[in-house]
Amino acid sequence: MVKEIKPSSPMENMGGVLFLSRRSKMAATMNNYNRMSIFPKLDLMFNLRKIHELTCLLTIIFIFSCHCLADDGYEMDDFLKREYSLTKPYQGLGSYWDLMGNAMITTEYVRLTPDLQSRQGAVWSRIPCYLRDWELQVHFKVHGHAKKNLNGDGMALWYTKERMQTGPVFGNMNMFTGLGVFVDTYPNENKNHERAFPYVSAMVGNGTLAYEHDHDGQATELGGCTALVRNIPHDTSLLIRYTRNRLTIRIDVEGTREWQDCLDLPGVHLPRGYFFGASSATGDLSDNHDLISMKLYQLTVERSPEDEEEELTIPRVDNFEQLNKVEVQDEGMSGFQLFFTIVFSIIGIFVLGVVMVVMYGRWKENSRKRFY
Ligand SMILES: [Ca+2]
């Protein structure tokens, strides 16, 4: 059975008392007004002022009923955007989404790849998203017949400039422009025993930055967490929130119906007008990668003038170099570099030897001439 996770509403956990007390105060004020209206001896001017004030009061009550102020300073409309969402039974999917590769739809899920080798599949939103602040909730299932660490490769969620491309990054192109969130189920980097897989990580690409599949994208990741999502009996979900240039990823993989923090990073700058998508790929190892739903909520955020910035054209992350703990440059010479260094050294020594022999020959000849 599919669990419906409610939109992550920070206001669910806070403000209830404040909200109720405000409402009860307003209700009491309204009662006072009602009691006053019983008295018949009030002149018309007073009544008009009273009606005006009552209208203001009702407006305030209406606003408080619609919006709840969240603890981290933004209001959330809980406003599901249907054109960017993918929900069962996927009727009318063709209006808003395109399938590609081996992806297929049933009434229960969109299967990005089946549990078979060398498959790629994806689903892409057809309409670019111009929302400034949003939250994407993804309900998915990764399962297969293989034993642990003999399965792969995982799936990715996208908010990118490009769409409907194929390539080596979980079925999508490399050098992408925008955000990629990866649910990597296979550890390609054998040297690394620090992290347990499956591993969730995020990357912001600028069109030239490459995701290194053989190293599980560690050199370019913004952060992440272990998420044991595979072959488990309960539901698994992932939340990506982007608001006021802050990227937050939370997961619910333990069946507790509570979001666990995975990544929280300020200074992430993503242009508007990109496309949402999900993709997956299998290689020698495989799994079923099933997307059950993607729900996009618009977030309403209070912005100060400092938050307003010029329209971006290239995605970027503040202090990106400092985020990367993996020193790609310090790996020493590769075999290729070593080979050429030795070859050029030998040629250099040979040329030097020839020059010295020639010079010695001339010197010897000159000194012989001097004797005669
Ligand atoms: Ca991997």
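Colleague: In this predicted model, in which loop is Asn-149 found?
Modeller: Asn-149 has a phi near 65 degrees, a positive value in a residue that is not glycine. As for its place in the predicted chain, Asn-149 is found in the loop between β6 and β7.

Colleague: Which peptide bond ending at Pro-89 is cis?
Modeller: Pro-89 has its place in the loop between β1 (74-80) and α3 (93-96). The cis bond there, with omega near -5 degrees, runs from Lys-88 to Pro-89.

Colleague: How many residues of β7 are buried?
Modeller: Side chains in a regular strand alternate between the two faces of the sheet. In β7, Gly-154, Ala-156, Trp-158 and Thr-160 lie on one side and Met-155, Leu-157 and Tyr-159 on the other, and both of these faces are covered. The strand is therefore largely enclosed by the rest of the structure, the number of its residues that are buried being seven of the seven.

Colleague: In β8, which residue is the bridge partner of Leu-157?
Modeller: Strand β7 (residues 154-160) is joined by seven bridges to strand β15 (residues 275-281), and the two run antiparallel. In β15, Leu-157 is bridged to Ala-278, while Tyr-159 has Phe-276 as its partner. Seven bridges also join β7 to strand β8 (residues 177-184), again antiparallel, and in β8 the bridge partner of Leu-157 is Val-181.

Colleague: How many residues are in the largest nonpolar core?
Modeller: In soluble globular proteins, nonpolar side chains tend to be buried together. Here, the core members that touch the most others are Val-123, Ala-156, Val-181, Val-200, Ile-249, Ala-278 and Leu-291. Apart from its neighbours within four places in sequence, Ile-249 has contacts that include Val-181, Val-200, Leu-238 and Leu-263. The number of residues in this largest core is 59.

Colleague: What distance separates the C-alpha atoms of Leu-265 and Ile-249?
Modeller: Leu-265 lies in strand β13 (residues 260-265), and because its C-beta neighbours inside 10 Å number 18, it counts as partly exposed. Beyond four places in sequence, Leu-265 is in contact with Leu-222, Gly-223, Arg-246 and Leu-247. Leu-265 and Ile-249 are 16 residues apart along the chain, and their C-alpha atoms are separated by 9.0 Å.

Colleague: How far apart do the end C-alpha atoms of residues 338-360 lie?
Modeller: An unreviewed UniProt entry lists residues 338-360 as "transmembrane region". In the model this span is 100% helix and 0% strand, with its end C-alpha atoms apart by 33 Å.

Colleague: Over residues 59-74 the pLDDT is below 50; how many contacts beyond near neighbours in sequence does this stretch have in the model?
Modeller: The chain has a mean pLDDT of 81, with 73% of its residues at 70 or more. Residues 1-6 stay under 50, and the model gives them nine contacts beyond four places in sequence. For residues 59-74, the corresponding number of contacts beyond near neighbours is 24.

Technical notes
Residues numbered from 1 in each chain as written. Predicted model: local features only at pLDDT ≥ 70, side-chain atom pairs only at ≥ 80, totals over all residues. UniProt positions renumbered as here; feature names shortened; annotations may be inferred. Helix = DSSP H or I, 4+ residues; strand = E, 2+ residues; numbered from the N terminus. Core = buried A, V, L, I, M, F, W, Y, C linked by C-beta atoms within 7 Å. Buried ≥ 20, exposed ≤ 12 C-beta atoms within 10 Å, placed from the backbone. Contact = placed C-beta atoms within 7 Å. Pairing = 2+ DSSP bridges. pLDDT = per-residue confidence, 0-100.
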